[in-house]
Amino acid sequence: MLRFSRGTFAMVLVALGVLATGCGGGADTVGEKAPGGDSAKAGGASSSGKPAAAGTVDFDTVFTTEERFKQALPDPASMAGWTPKSARADIEETPKPAAECGPDTHWDCTKVADGDANFEEVGERALFDIVAYADKKVAQDACRKEKDWSAKYSKAEVPPVPGVESHAYYRSAGGLNGLDLTMCLGTVIAQVRLEGGGSDLDPATAHALARLFVPRIQKAAAS
(Lines give C-alpha, C1' and ligand atoms only; values in the text may rest on other atoms or scores of the structure.)
Protein backbone atom coordinates (compact mmCIF):
# COMPACT_ATOMS: atom_id res chain seq x y z
CA MET A 1 0.00 0.00 0.00
CA LEU A 2 1.38 3.37 -1.00
CA ARG A 3 1.85 5.85 1.83
CA PHE A 4 2.60 9.51 1.29
CA SER A 5 3.73 11.78 4.10
CA ARG A 6 5.43 15.04 4.99
CA GLY A 7 9.01 15.15 3.76
CA THR A 8 8.24 13.18 0.58
CA PHE A 9 6.00 15.81 -0.94
CA ALA A 10 7.90 16.36 -4.18
CA MET A 11 7.27 12.90 -5.63
CA VAL A 12 3.81 12.71 -4.13
CA LEU A 13 2.58 15.98 -5.55
CA VAL A 14 3.83 15.03 -9.01
CA ALA A 15 1.75 11.88 -8.66
CA LEU A 16 -1.18 13.93 -7.42
CA GLY A 17 -0.95 16.12 -10.48
CA VAL A 18 -0.94 13.15 -12.86
CA LEU A 19 -3.87 11.50 -11.11
CA ALA A 20 -5.91 14.69 -10.89
CA THR A 21 -5.34 15.46 -14.57
CA GLY A 22 -6.40 11.95 -15.44
CA CYS A 23 -9.71 12.34 -13.65
CA GLY A 24 -10.33 15.86 -14.91
CA GLY A 25 -9.10 17.61 -11.74
CA GLY A 26 -6.50 19.67 -13.57
CA ALA A 27 -9.22 21.75 -15.18
CA ASP A 28 -10.20 23.29 -11.85
CA THR A 29 -7.58 25.95 -11.27
CA VAL A 30 -7.29 28.96 -9.06
CA GLY A 31 -5.03 31.91 -9.84
CA GLU A 32 -2.78 33.54 -7.30
CA LYS A 33 -5.22 34.61 -4.53
CA ALA A 34 -7.99 35.12 -7.09
CA PRO A 35 -11.72 34.71 -6.35
CA GLY A 36 -13.25 31.48 -7.62
CA GLY A 37 -15.92 32.72 -10.02
CA ASP A 38 -18.58 30.24 -11.13
CA SER A 39 -16.33 27.36 -12.22
CA ALA A 40 -17.14 25.24 -9.14
CA LYS A 41 -20.73 24.11 -9.55
CA ALA A 42 -22.60 22.27 -6.80
CA GLY A 43 -24.59 19.11 -7.34
CA GLY A 44 -23.88 15.52 -8.30
CA ALA A 45 -24.87 11.98 -7.47
CA SER A 46 -24.56 9.64 -4.51
CA SER A 47 -22.74 6.32 -4.72
CA SER A 48 -26.11 4.69 -5.35
CA GLY A 49 -26.30 6.53 -8.68
CA LYS A 50 -29.27 8.66 -7.67
CA PRO A 51 -28.97 12.43 -8.19
CA ALA A 52 -28.28 14.49 -5.10
CA ALA A 53 -30.74 17.17 -4.09
CA ALA A 54 -30.55 20.22 -6.34
CA GLY A 55 -27.93 22.70 -5.23
CA THR A 56 -26.29 20.40 -2.70
CA VAL A 57 -23.08 18.38 -2.67
CA ASP A 58 -23.92 15.00 -1.18
CA PHE A 59 -22.55 11.47 -1.45
CA ASP A 60 -22.45 8.15 0.39
CA THR A 61 -18.88 7.31 -0.61
CA VAL A 62 -16.53 6.44 2.25
CA PHE A 63 -13.00 7.79 1.75
CA THR A 64 -10.90 4.84 2.89
CA THR A 65 -8.30 4.61 0.11
CA GLU A 66 -5.26 6.77 -0.49
CA GLU A 67 -6.20 6.91 -4.16
CA ARG A 68 -9.43 8.72 -3.33
CA PHE A 69 -7.59 11.27 -1.19
CA LYS A 70 -5.10 11.89 -3.99
CA GLN A 71 -7.95 12.68 -6.36
CA ALA A 72 -9.69 14.97 -3.86
CA LEU A 73 -6.76 17.03 -2.59
CA PRO A 74 -5.57 19.97 -4.73
CA ASP A 75 -2.46 19.42 -6.83
CA PRO A 76 0.17 21.88 -8.16
CA ALA A 77 -1.62 22.26 -11.51
CA SER A 78 -4.75 23.54 -9.77
CA MET A 79 -2.85 25.89 -7.44
CA ALA A 80 -1.22 28.39 -9.79
CA GLY A 81 0.82 30.94 -7.83
CA TRP A 82 1.25 28.64 -4.80
CA THR A 83 4.25 26.42 -4.04
CA PRO A 84 3.50 22.81 -2.99
CA LYS A 85 5.00 21.90 0.40
CA SER A 86 3.60 18.56 1.63
CA ALA A 87 0.87 15.96 1.24
CA ARG A 88 -0.22 12.89 3.18
CA ALA A 89 -3.04 10.40 3.75
CA ASP A 90 -3.60 8.16 6.78
CA ILE A 91 -6.11 5.33 6.86
CA GLU A 92 -7.23 4.19 10.34
CA GLU A 93 -6.73 0.43 10.57
CA THR A 94 -9.05 0.14 13.58
CA PRO A 95 -11.43 3.14 13.70
CA LYS A 96 -13.03 3.86 17.07
CA PRO A 97 -16.79 3.30 17.45
CA ALA A 98 -18.72 6.28 18.80
CA ALA A 99 -19.42 4.40 22.04
CA GLU A 100 -15.71 4.57 22.90
CA CYS A 101 -15.41 8.30 22.36
CA GLY A 102 -17.38 9.58 25.34
CA PRO A 103 -19.75 12.58 25.43
CA ASP A 104 -17.15 15.36 25.30
CA THR A 105 -14.67 13.90 22.84
CA HIS A 106 -12.92 15.87 20.12
CA TRP A 107 -14.90 15.83 16.87
CA ASP A 108 -12.49 13.60 14.90
CA CYS A 109 -12.59 10.66 17.33
CA THR A 110 -14.66 8.47 14.97
CA LYS A 111 -12.74 9.24 11.77
CA VAL A 112 -11.84 6.36 9.47
CA ALA A 113 -9.18 8.30 7.52
CA ASP A 114 -7.74 11.75 6.95
CA GLY A 115 -5.46 13.50 4.51
CA ASP A 116 -4.08 16.94 3.70
CA ALA A 117 -2.08 18.92 1.15
CA ASN A 118 -0.25 22.16 1.97
CA PHE A 119 0.92 25.05 -0.22
CA GLU A 120 2.74 28.34 0.31
CA GLU A 121 2.42 31.76 -1.27
CA VAL A 122 4.46 34.80 -0.21
CA GLY A 123 3.68 35.41 3.47
CA GLU A 124 0.84 32.89 3.59
CA ARG A 125 0.13 29.14 3.68
CA ALA A 126 -2.92 27.29 2.40
CA LEU A 127 -3.74 23.94 3.97
CA PHE A 128 -6.41 21.58 2.64
CA ASP A 129 -7.65 18.87 4.98
CA ILE A 130 -10.20 16.04 4.70
CA VAL A 131 -11.45 13.97 7.64
CA ALA A 132 -13.49 10.96 6.53
CA TYR A 133 -16.19 9.03 8.40
CA ALA A 134 -17.93 5.67 8.01
CA ASP A 135 -21.27 7.18 6.92
CA LYS A 136 -23.13 10.47 6.59
CA LYS A 137 -24.82 10.24 9.99
CA VAL A 138 -21.48 9.96 11.81
CA ALA A 139 -20.04 12.76 9.66
CA GLN A 140 -22.97 15.07 10.46
CA ASP A 141 -22.58 14.42 14.18
CA ALA A 142 -18.84 15.16 13.93
CA CYS A 143 -19.61 18.34 12.01
CA ARG A 144 -21.88 19.61 14.77
CA LYS A 145 -19.19 18.92 17.36
CA GLU A 146 -16.56 20.67 15.25
CA LYS A 147 -18.77 23.74 14.86
CA ASP A 148 -19.39 23.89 18.62
CA TRP A 149 -15.66 23.53 19.23
CA SER A 150 -14.81 26.32 16.75
CA ALA A 151 -17.44 28.73 18.07
CA LYS A 152 -15.13 29.87 20.88
CA TYR A 153 -13.06 31.69 18.26
CA SER A 154 -13.84 34.89 16.33
CA LYS A 155 -16.22 34.40 13.43
CA ALA A 156 -14.83 35.12 9.95
CA GLU A 157 -17.15 36.63 7.36
CA VAL A 158 -16.51 34.18 4.52
CA PRO A 159 -19.34 33.92 1.95
CA PRO A 160 -21.28 30.63 2.00
CA VAL A 161 -19.82 27.90 -0.20
CA PRO A 162 -22.51 26.76 -2.68
CA GLY A 163 -24.00 23.38 -1.95
CA VAL A 164 -22.36 22.72 1.41
CA GLU A 165 -22.81 23.62 5.06
CA SER A 166 -19.87 25.78 6.06
CA HIS A 167 -18.56 28.01 8.85
CA ALA A 168 -15.37 30.03 9.30
CA TYR A 169 -13.39 31.30 12.27
CA TYR A 170 -10.14 33.14 12.93
CA ARG A 171 -7.61 31.38 15.16
CA SER A 172 -4.17 32.34 16.41
CA ALA A 173 -1.55 29.98 17.82
CA GLY A 174 2.23 29.73 17.94
CA GLY A 175 2.78 33.17 16.46
CA LEU A 176 0.62 32.41 13.41
CA ASN A 177 -2.71 33.92 12.51
CA GLY A 178 -5.18 31.51 10.97
CA LEU A 179 -8.51 31.48 9.17
CA ASP A 180 -10.30 28.12 9.15
CA LEU A 181 -13.15 27.55 6.68
CA THR A 182 -14.80 24.22 7.50
CA MET A 183 -17.27 22.44 5.20
CA CYS A 184 -19.51 19.46 5.89
CA LEU A 185 -20.40 17.38 2.84
CA GLY A 186 -21.41 13.76 2.43
CA THR A 187 -19.22 11.52 4.56
CA VAL A 188 -16.39 14.03 5.08
CA ILE A 189 -15.47 17.24 6.83
CA ALA A 190 -13.22 19.35 4.62
CA GLN A 191 -11.26 22.38 5.72
CA VAL A 192 -9.36 25.18 4.03
CA ARG A 193 -6.95 26.89 6.43
CA LEU A 194 -5.00 30.04 5.69
CA GLU A 195 -2.00 30.81 7.90
CA GLY A 196 0.30 33.79 7.99
CA GLY A 197 2.32 35.86 10.40
CA GLY A 198 0.69 39.28 10.19
CA SER A 199 -1.28 38.27 7.10
CA ASP A 200 -4.73 39.77 6.58
CA LEU A 201 -6.07 36.25 5.78
CA ASP A 202 -8.43 37.45 3.06
CA PRO A 203 -11.85 35.72 3.34
CA ALA A 204 -12.17 35.98 -0.47
CA THR A 205 -9.05 33.81 -0.84
CA ALA A 206 -10.46 31.19 1.54
CA HIS A 207 -13.73 31.21 -0.39
CA ALA A 208 -11.97 30.84 -3.76
CA LEU A 209 -9.89 27.92 -2.52
CA ALA A 210 -12.99 26.24 -1.06
CA ARG A 211 -14.71 26.51 -4.44
CA LEU A 212 -11.73 24.74 -5.95
CA PHE A 213 -11.72 22.08 -3.23
CA VAL A 214 -15.40 21.06 -3.18
CA PRO A 215 -15.71 19.88 -6.81
CA ARG A 216 -12.47 17.90 -6.47
CA ILE A 217 -13.90 16.06 -3.45
CA GLN A 218 -17.12 15.54 -5.37
CA LYS A 219 -15.30 14.09 -8.38
CA ALA A 220 -13.27 11.79 -6.12
CA ALA A 221 -16.46 10.54 -4.47
CA ALA A 222 -18.00 9.80 -7.86
CA SER A 223 -14.91 8.05 -9.29
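So, C101 and C109: both of these cysteines are buried, where buried means under 20% relative accessible area, exposed means over 50%, and partly exposed is in between, using a 1.4 Å probe and protein chains only. They also form a disulfide, with their sulfur atoms 2.1 Å apart. If that word is new to you, a disulfide is a covalent bond between the sulfur atoms of two cysteines. Here the rule is a pair of cysteine sulfur atoms within 2.5 Å. The C101 and C109 link is left-handed, with -90° about the S-S bond.

Quick word on what we're looking at. This is a predicted model, so local features need pLDDT of at least 70 and side-chain atom pairs count only at pLDDT 80 or more, while totals for chains, interfaces and linings use all residues. Residues are numbered from 1 along each chain as its sequence is written, and side-chain values use heavy atoms, leaving out hydrogens and water.

Okay, how many disulfides does the rule give? The count is 2. The other one joins C143 to C184, S to S 1.5 Å, and this link is right-handed, with 55° about the S-S bond. It ties together distant parts of the chain: C143 sits in helix α3 (residues 136-150) and C184 in strand β6 (residues 176-185), 41 residues apart. Helices (H or I, at least four residues) and strands (E, at least two) are DSSP runs, numbered from the N terminus. C143 and C184 are both buried too.

Zooming out, the protein chain has 4 helices and 7 strands. And of its 223 residues, 48% count as buried.
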